[in-house]
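Student: I'd like to go through some labels here and check each one against its cut-off. Can we start once the model is up?

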Amino acid sequence: MIQGKKILVNLLNFNQPQLAKWFAEQGEKPFRAKQLMRWMHHFGVYDFEQMTDIAKVLREKLVVDAEITLPNVQLEQVSNDGTRKWLIGTDTANSIETVFIPEDDRGTLCISSQVGCALECTFCSTGRQGFNRNLSVSEIIGQLAIANQSLRQESGYDLLSANDRIISNVVMMGMGEPLANYDNVVTAMQIMLDDNAYGLSRRRVTLSTSGMVPAMDRLKEDCPVALAVSLHAPNDALRDVIVPINKKYPLKELMAACNRYLEKAPRDFVTFEYVMLDGVNDTVEHAHQLLDLVRNVSCKFNLIPFNPFPNSGYDTSKASHIRVFRDILMQAGYVVTVRKTRGEDIDAACGQLAGKVLDKTKRTANRIPIEVVE
């Protein structure tokens, strides 16, 4: 109770087994969990009174004890290329960003997992802001619900049935390091995969990590989805600077963890993400170092032209340098894509997500100039 007000349980925080346990604790049959999952996630119904296959007595009880509450949308923007970005409030002081990227053969939603990020990758706008807190399960899965709900109101999407997917792919690549919010992220992904919720394939849910090795090993056992690794450097000396977690889990350990993960992964490769920073990590020598690094790992590469933000200290690699870098990798037999920059005009491109972060780390007040040493 808070000042005489009962605290309601937000059912969006539960996956199906957790929801079944909650119902059992209320003296209800566990199958109610399946019914609630379908109403909440499959049909997008959040009013208990509209859940017509649930007994009226139980619906009345749910109104008293529980709620289904999404985070608050503060702003929605649409890019010239069709990319959409939602600014979503998580409390009075903080907000996160979620991005939808439409393509001819898929619709991809980029979801945030934390308010800010504690890992301090120097090329990332989110990392520069500092860290406030982890998102709850309801705040993570709520981003998918909000985007789905918003898109279904648009012309062209509004005639689709609940069984027709607008969002076919989810990438945990928004604000934050997903594996640093392990339990909540895994629970949210289990909801995404649940056939009574969103029913996504493990191949269509991708988690991107900067290389938290112990958590990668846990994920392999608990919820093996497609894996992307934010690599960004081919040697420890450089990666220590631009991806500081490398000091704790250096590249040799990271490559070994990738191979262990592939034992249960839904895809037979890891995607290595590599942001292209002019004069920092984009030379011919760096490309050959990268080939040496991954020679024993089944992988493909996603080269990401750096998306500038104020006072980043970096420039985007020249297009000619990216082509040469790509060709060296491709000639060695690897699949290589160069990520198309989307949503840049609304700051929705990779590395630009910022939201609003009340920085508990005080990082912004203590920041020192960046010095990159090759």
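Tutor: In helix α6, the buried residues are Tyr182, Val185, Val186, Thr187, Ala188, Met189, Ile191, Met192 and Leu193; helices are DSSP runs of H or I with at least four residues, strands are E runs of at least two, and both are numbered from the N terminus. This is a predicted model, where local features need pLDDT of at least 70, side-chain atom pairs count only at pLDDT 80 or more, and totals for chains, interfaces and linings use all residues. Residues are numbered from 1 along each chain as its sequence is written, and side-chain values use heavy atoms, with hydrogens and water left out.

Student: Why does Trp39 count as buried?

Tutor: Its relative accessibility is 15%, so Trp39 counts as buried. Phe43, at 41%, is partly exposed.

Student: And why is the pair of Tyr274 and Phe325 called tilted?

Tutor: Rings of Phe, Tyr and Trp (its six-membered ring) pair if their centres lie within 6.5 Å; planes under 30 degrees apart are stacked, over 60 edge-to-face, the rest tilted. Here the centres are 5.1 Å apart and the planes are at 35°, so tilted it is.

Student: How do you know that Arg218 lies over the face of Tyr182?

Tutor: The rule wants NZ of Lys or CZ of Arg within 6 Å of the ring centre and within 35 degrees of the ring normal. Arg218 lies over that face at 3.8 Å from the ring centre.

Technical notes
Buried means under 20% relative accessible area, exposed over 50%, partly exposed in between (1.4 Å probe, protein chains only).
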